[in-house]
Every structure is written in C-alpha cells, then in structure tokens.
Amino acid sequence: MEKQSLILLTEIEKITTSPFNGFDDGLHAVKSLAKNNYKALYPETNPVVELLNGFDVLQTEFVIKEYSAFSYAAIHMLLDAALRNHDWKLLQNEIIRNINEEKGEETKDIPHLEMMRQGYKNDLGIETDNYTASGITMSFLDKMKRIFKDVDNAFVAGALMAFEGSAIPEFVILDKIVTAYRHKKNLPAITKRDLTQLYIDGHKDFEIGHEQGLIDAVKPFITAENAGNMVKGYIAVCAALSNWWEQLASEAIYIGVSNKVQLNTREDFDVTGAFLN
C-alpha cells in the first residue's frame, strides 16, 4: 500500500508539473491517471462493491445513507462553481443547465433529490430526511466544497469534469449497492413505479450528457498556460472521492464487527448501594 501510494504521488507530481499543449492533451493525461490509480471510482474495483456480498442489511443501509448525504450536497457544489466561474459565461451557462435538470426541468418539475428521497423511503424503507452523516462523509464534503470554491477557473473546470465524469460509473456503483440491499431485505420486485430505480437509471443517461456538455464548455478556455491547473482540479476531486469510498468501506466493516461483539445487556455496578449503605 505504501509503495503504491508513493508511486501515485510520483505520477501526480509528474503530471502536475508537465507542460501540456492544451485541453485535449491535459484531459487525456489526467483521465489515464485516474483510470489507472483511483480504482475506487469504478464499479469493477470499488471497495464497497467488492465487499457487498459479505455485508449485512445494516452495513449496506449505512452506505446508502452516506451516499444520500453526498447527493444532497452535490447541487450546492455546482452552485458554488457557477458563482465562481461567472466570467467564463459558456461554462457558467452549462453548470446552470445541469442544475436546472437536477431541479426537475426534464422530470415534470420534480427535483431529482425528491425522487431519490421518496424512492429510498417508499421502495427501500430507508429514511434519509435529517440524516446526520458520519464524520468520514462530513470531512469529505468539506474537502469537496473547498475545491469548488477555489478562485481559479481552470482548477474548478477540471474539478467539474471529474465530478460529472466520475458520476457515470458512480451510478452503476449505487445501482449495485441498492440491488444488494433489496436482496438482503427480500424486498418486492422492481416495478415501473419504483422511484429509486427511475432515479438511478435516469442519472446513468443524464451524466453522460453532463460530462460532454462540460467538456465542450471548458475546452475554449483552456490553453497551454492554464491546462496544468485544470489537471490539478481534476485530480483533487478524484482523490477526494476515492479516499471517501475507501473510508466508507472500512467504516462499514467496523459497523459489522461492532454489531456482532456488542453486549445485549450490561450489568451496572450498584453505585447507590455501595456508596450510601
């Protein structure tokens, strides 16, 4: 693990200090780095997916709730990016278009988050309203918010492309987690009125358009001079996401262990009897 981390640091140092000819050169390099090093971002090698078969209901529910906290916060990250990139109008317009889709522009004015919330509640029996995320997820969200509030447009542009690009395999990961939860709970078969599945399947399509739209909107602004900052923003998001998934997997394992070893009853020492008699 330490050797792998050192190799990754070396690669990041190399890619963030290398000159790029422009947008295409920088994007190709950083996508290759992400694919080869941030394995947690892909369903075939995601640490939670790899452990799903051994997870119980509570462990799987924990991951779904933690992911819901990320989903609730994501639109605010886009809003921050739109405000910061006000002078890159083409990019700002694309971010606003994505936000409007999330708000329900193409789903009969029903926000995607409301579909998710009601779907989790009605289809899975999982309540995410007022859920307090773990320290792991709160720390992750804080990192992400700081990334999207950066003052450098090229850096934020790179972060946005990683954010939307990683969402494509991410919803495949979520689908696998939700499917595993359904099986563990012996829930009824999916119907056409299943909001959870509509929410997940819809985003598998939406995110492809979101990523390409951002690429088209960012490309005119990237030059040989700022391509390096774009690459740094892309890596920042990939690193934060990958680390979060790894930590979620470890925390879910701990939840499983703690549930098995905790005592059902605890005999208290009789302080009153010992002290007052």
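Figure 1. Helices (H or I, at least four residues) and strands (E, at least two) are DSSP runs, numbered from the N terminus. This is a predicted model, in which local features need pLDDT of at least 70 and side-chain atom pairs count only at pLDDT 80 or more, while totals for chains, interfaces and linings use all residues. Residues are numbered from 1 along each chain as its sequence is written, and side-chain values use heavy atoms, with hydrogens and water left out. Along its principal axes, the C-alpha trace spans about 80 × 50 × 40 Å. Of the 277 residues, 51% are buried; buried means under 20% relative accessible area, exposed over 50%, and partly exposed in between (1.4 Å probe, protein chains only).

**Figure 2. Here we look along helix 2, residues 23-37.** At 1.5 Å a residue, its 15 residues should span 21 Å, and the end C-alpha atoms are 21 Å apart, which agrees. The expected span is 1.5 Å times one less than the number of residues. Which residues of helix 2 are buried? They are F23, G26, L27, V30, L33, A34 and N37. These residues cover an arc of only 130° around the axis, which puts them on the same side of helix 2; the arc is that of the directions from the helix axis to the C-beta atoms. On the other side of helix 2, you can find H28 and N36, which are exposed.

**Figure 3. This view visits I126, in the loop between helix 6 (112-124) and helix 7 (135-148).** Is I126 buried or exposed? With a relative accessible area of 0%, I126 is buried. Not counting residues up to four places away in sequence, I126 touches E61, I64, K65, Y120, K121 and Y181. Contact here means heavy atoms within 4.5 Å.

**Figure 4. Our last stop is Y67, found in helix 4 (residues 57-84).** Y67 counts as buried, at 3% relative accessibility. Which residues is Y67 in contact with, leaving aside its neighbours within four places in sequence? They are E170, F171, L174, W244 and W245. For a sense of scale, look for I190 too: I190 and Y67 are 123 residues apart along the chain, and their C-alpha atoms are separated by 21 Å.
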